[in-house]
Amino acid sequence: MKQKTYDVTNLATLYFPDSTEKNARRRFFKVLRAERDLWERLTALHFGTYHRSFTPKQYEMVIDTLGKPEHGDDDFGRWPKQRD
């Protein structure tokens, strides 16, 4: 059974819509690491800087801590993205 995953870069671009994908990802990881409690919980669930996707549990932690991206629920409605 495949588990849903949530693409880190796509989520980063929702938080930083005026940035390129690469810059949005870089900025997003800075925010994640700045939230020390969140980063500790993510790393306890085996998430690291080079991972490309969140598990559902990791994703929920991020959304619970940072909130939904602010530029609109319409764009946020694209989540979750499911990989084949």
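The following is a conversation about a predicted model and the terms used to describe it.

Biologist: What elements does the protein contain, and in what order do they run?

Modeller: The protein has five helices and two strands. Starting at the N terminus, the order is β-α-α-α-β-α-α. Of its 84 residues, 37% are buried.

Biologist: Why is Gln-58 called buried?

Modeller: The relative accessible area of Gln-58 is 3%. Buried means under 20%, so Gln-58 with 3% is buried. Gln-58 sits in helix 4, residues 56–66.

Biologist: What makes the pair of Gln-58 and Thr-55 a polar contact?

Modeller: The side chain of Gln-58 comes to 2.9 Å from the backbone nitrogen of Thr-55. The limit for a polar contact is 3.5 Å between N or O atoms, and 2.9 Å is within 3.5 Å, so the pair meets the distance limit.

Biologist: How do you know that Trp-39 is buried or exposed?

Modeller: Trp-39 has a relative accessible area of 17%. The cut-off for buried is under 20%, therefore Trp-39 at 17% counts as buried. Trp-39 belongs to helix 3.

Biologist: Why is Phe-16 classed as buried, and where does Phe-16 lie?

Modeller: Phe-16 lies in the loop between helix 1 and helix 2. Its relative accessible area is 16%, and the limit is under 20%, so Phe-16 is buried. From Phe-16 to Arg-27 the C-alpha distance is 7.9 Å, with the residues 11 apart along the chain.

Biologist: Why is Pro-17 called partly exposed?

Modeller: Pro-17 has a relative accessible area of 47%. Exposed needs over 50% and buried needs under 20%, with partly exposed in between, so Pro-17 at 47% is partly exposed. Pro-17 is also in the loop between helix 1 and helix 2. Pro-17 and Glu-70 are 53 residues apart in sequence, and their C-alpha atoms are 9.8 Å apart in space.

Biologist: What makes His-46 an exposed residue?

Modeller: The value for His-46 is 67% relative accessible area. Exposed means over 50%, so His-46 at 67% is exposed. His-46 is in the loop between helix 3 and strand 2. Its phi is near 70°, a positive value in a residue other than glycine.

Biologist: How do you know that Arg-41 and Asp-37 form a salt bridge?

Modeller: The closest N and O atoms of Arg-41 and Asp-37 are 3.4 Å apart. The rule asks for a side-chain nitrogen of Lys or Arg within 4 Å of a carboxyl oxygen of Asp or Glu, so the pair at 3.4 Å is a salt bridge. By this rule the count is one salt bridge.

Biologist: Where do Arg-41 and Asp-37 lie relative to each other?

Modeller: Both are in helix 3, residues 36–44, and they are four residues apart, about one turn of the helix. An α-helix has 3.6 residues a turn, so residues three or four places apart point the same way. Arg-41 itself has 33% relative accessibility and counts as partly exposed.

Biologist: What makes helix 1 mostly covered?

Modeller: Helix 1 spans residues 8–15, and seven of its eight residues are buried. Among them are Val-8, Leu-11, Leu-14 and Tyr-15.

Biologist: Which residue caps the N-terminal end of helix 1?

Modeller: Asp-7 does so, with a side-chain oxygen 3.2 Å from the backbone nitrogen of Thr-9.

Biologist: Which residues form the patch of positive charge on the surface?

Modeller: Arg-26, Arg-27, Lys-30 and Arg-33 gather there. Lys and Arg count as positive, so the patch of these residues is called positive. Lys-30 is located in helix 2, residues 21–34.

Note on methods
Residues are numbered from 1 along each chain as its sequence is written. This is a predicted model: local features need pLDDT of at least 70, side-chain atom pairs count only at pLDDT 80 or more; totals for chains, interfaces and linings use all residues. Side-chain values use heavy atoms; hydrogens and water are left out. Buried means under 20% relative accessible area, exposed over 50%, partly exposed in between (1.4 Å probe, protein chains only). A polar contact is a pair of N or O atoms within 3.5 Å; within protein, one must be able to donate a hydrogen and the other to accept it, and residues adjacent in sequence count only if both atoms are side-chain atoms. Patches are made of residues with over 30% relative accessible area and no salt bridge: like charges are joined within 9 Å, nonpolar side chains (Val, Leu, Ile, Met, Phe, Trp, Tyr) within 5 Å. Accessible areas come from the Shrake-Rupley method with a 1.4 Å probe; for residues, only the protein chains shown count as cover. The place of a charge is taken as NZ of Lys, CZ of Arg, CG of Asp or CD of Glu.
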